[in-house]
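Biologist: I am new to this structure. Please take me closely through one part, the sheet, and then through what surrounds that part.

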Amino acid sequence: MGTVMIRCPETQRAISTGMQVDRATFHSTPVFFSRTLCPLCGNKHEWFAKDAWVCESGTAVCDPNCARHVA
């Protein structure tokens with residue numbers, strides 16, 4: 001299991017959406033739209049599944065540009 005992550009458009013840092021899922025399930029999910037309250041800037045970010053990735057390490061160290069990034 002991993003955490004679904006998105007990028008905060010204000011800070012450009014990765015944030016957790018609070019969703020836990022395995023990669024196979026995430027990739028088999030139809031396109032969807034969601035909103036996440038950002039702990040970094042305090043805004044609600046709207047995002048599509050194509051903008052997110054599953055991080056299987058600690059969320060504090062998950063870089064969207066690393067090998068774990070699966071969009």
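Modeller: I will start with the model itself, then turn to the sheet, the cysteines and the aromatic rings.

This is a predicted model, in which local features need pLDDT of at least 70, side-chain atom pairs count only at pLDDT 80 or more, and totals for chains, interfaces and linings use all residues. Residues are numbered from 1 along each chain as its sequence is written, and side-chain values use heavy atoms, with hydrogens and water left out.

The protein has one helix and five strands. Here helices (H or I, at least four residues) and strands (E, at least two) are DSSP runs, numbered from the N terminus. Along the sequence the pattern reads β-β-α-β-β-β.

Now the sheet. Three strands form an open sheet in the order β2-β1-β5, and the pairing is antiparallel. The edges are β2 (14-21) and β5 (53-55). Each has a single partner strand, so one side of each is left without a neighbour in the sheet. On average, neighbouring strands of this sheet are turned by 40° against each other, direction ignored. That angle is taken between axes, lines fitted to C-alpha atoms, on a scale from 0 to 180 degrees. Strands pair if DSSP finds at least two bridges between them. Strand β1 (residues 2-7) is joined to β5 by three bridges. In this pairing, T3 stands opposite C55 in β5.

Next, the cysteines. A disulfide is a pair of cysteine sulfur atoms within 2.5 Å, and the count here is zero. C38 is in no disulfide; its nearest cysteine sulfur, that of C8, is 3.8 Å away. For C41, the closest cysteine sulfur is in C38, at 3.8 Å, too far for a bond. Are these residues buried or exposed? Buried means under 20% relative accessible area, exposed over 50%, and partly exposed in between, with a 1.4 Å probe and protein chains only. C38 is buried, at 3%. C41 is partly exposed, at 27%.

Last, the rings. Rings of Phe, Tyr and Trp (its six-membered ring) pair if their centres lie within 6.5 Å; planes under 30 degrees apart count as stacked, over 60 as edge-to-face and the rest as tilted. There are two aromatic pairs. In one of them, F32 and W47 have ring centres 5.5 Å apart and planes at 75°, so the pair is edge-to-face. F32 lies in the loop between α1 (23-28) and β3 (33-37), while W47 is in strand β4 (residues 44-48), so the pair ties together parts 15 residues apart in sequence. W47 is buried, at 2% relative accessibility.
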